[in-house]
Amino acid sequence: MSGDIVLFLELIGTVAFSVSGAITGLKKKMDILGVVILGLTTAVGGGVIRDLILGITPPNTFRNPIYATFAIGAAIVVFLPAVQNLILKKRSLYNWLMLVMDSLGLGIFTVVGIQVAYSLSSEYNTFLLVFVGVVTGVGGGVLRDTMAGDPPYIFVKHFYACASLIGALICVLVWDSLGEANAMLAGTAVVVLLRLLAAHFRWSLPKPRD
């Protein structure tokens, strides 16, 4: 897959995660700085953790400001009064946006994390590749929820980290047979589909009884 296509996918994921972070900031009644910081952290946090694990220093976020620029821009748009009113006054729209943006960002960043690892070495084992993919996908959301004072989404919401894990595993397993582009598309599609199905059918992992 060409670098331009990977960049395009990364920017889509960046905007999607930034929007989800910014919406969380609005819900928490943060000021514009808080909303922007939360959007930025959600968008680039997973990638920063990934790069540190893989030994990429400084992380790509700090070497190429395009990611931070898109994340900040998306958060500012969410903070605009007209957008705020539209999102916060319609609960169904808020829930739908959070689900779609979070699912899209999760799927894209999961497979991009794997692609970055493959670009460094083809000798990495499946465990490392899948781990890096999942960390890239869920890392920003964990930072977002922690900063917002909420239990991390991945531990309380239906089938979140598991969707990333399954999508990452599929992406790695078909990488050689289907090729990079098809493997990334397949992994992203599986993550997004599982998240949407889990939300619709209320799938969740077992929890302690009351």
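Start by selecting E10, T14, A43, V44, G46, G47, R50, D51, N60, T61, Y67 and F109: these residues line the largest cavity. The model is predicted, so local features need pLDDT of at least 70 and side-chain atom pairs count only at pLDDT 80 or more, while totals for chains, interfaces and linings use all residues. Residues are numbered from 1 along each chain as its sequence is written, and side-chain values use heavy atoms, with hydrogens and water left out.

**Stop 1: the cavity**

A cavity here is a set of points, on a 1 Å grid over the protein atoms alone, where a 1.4 Å probe fits but cannot get out; lining residues have an atom within 4 Å of a point. Grid points are joined across faces, edges and corners, and the volume is the space filled by probe spheres set on the points. The count is 1 cavity of 30 Å³ or more. The largest cavity has a volume of about 110 Å³.

Now color by helix. Helices are DSSP runs (H or I, at least four residues), numbered from the N terminus. Which helices each supply at least two residues of the lining? They are α1 (3–27), α2 (32–54) and α3 (60–63). The largest share, 6 residues, comes from α2.

Next, color the lining by class. It has 4 nonpolar, 5 polar and 3 charged residues. Ala, Val, Leu, Ile, Met, Phe, Trp, Tyr, Cys and Pro count as nonpolar; Asp, Glu, Lys and Arg are charged; the others, Gly among them, are polar.

**Stop 2: salt bridges**

Stay on the lining and show the side chains of R50 and D51. R50 forms a salt bridge with D51, the closest N and O atoms being 2.9 Å apart. The term means a side-chain nitrogen of Lys or Arg within 4 Å of a carboxyl oxygen of Asp or Glu. Are R50 and D51 buried or exposed? Both are buried, that is, under 20% relative accessible area; exposed is over 50%, and partly exposed lies in between (1.4 Å probe, protein chains only).

The model has 4 salt bridges by this rule. Select D150 and K28 for another. Their side chains meet at 2.7 Å, N to O. D150 lies in the loop between α7 (126–148) and α8 (153–156) and K28 in the loop between α1 and α2, so the pair ties together parts 122 residues apart in sequence. D150 is partly exposed at 27%, and K28 is partly exposed at 35%.

Move to D102 and R144. This salt bridge is 3.1 Å, N to O. It links D102 in α6 (residues 91–120) with R144 in α7, 42 residues apart. D102 and R144 are both buried.

**Stop 3: helix α9**

Select residues 161–173. These 13 residues of α9 should span 18 Å at 1.5 Å a residue, and the end C-alpha atoms are 18 Å apart, which agrees. The expected span is 1.5 Å times one less than the number of residues. Highlight A163, S164, G167, A168, C171 and V172, which are buried. Look down the axis: the buried residues of α9 fall within an arc of 160 degrees, so they line one face of the helix. The arc uses directions from the helix axis to the C-beta atoms.

**Last stop: P58**

Select P58, in the loop between α2 and α3. P58 is partly exposed at 44%.

How values were computed:
On a 1 Å grid over the protein atoms alone, a cavity is a set of points where a 1.4 Å probe fits but cannot get out, and a pocket is an open set with protein on both sides within 12 Å along at least five of seven lines; lining residues have an atom within 4 Å of a point.
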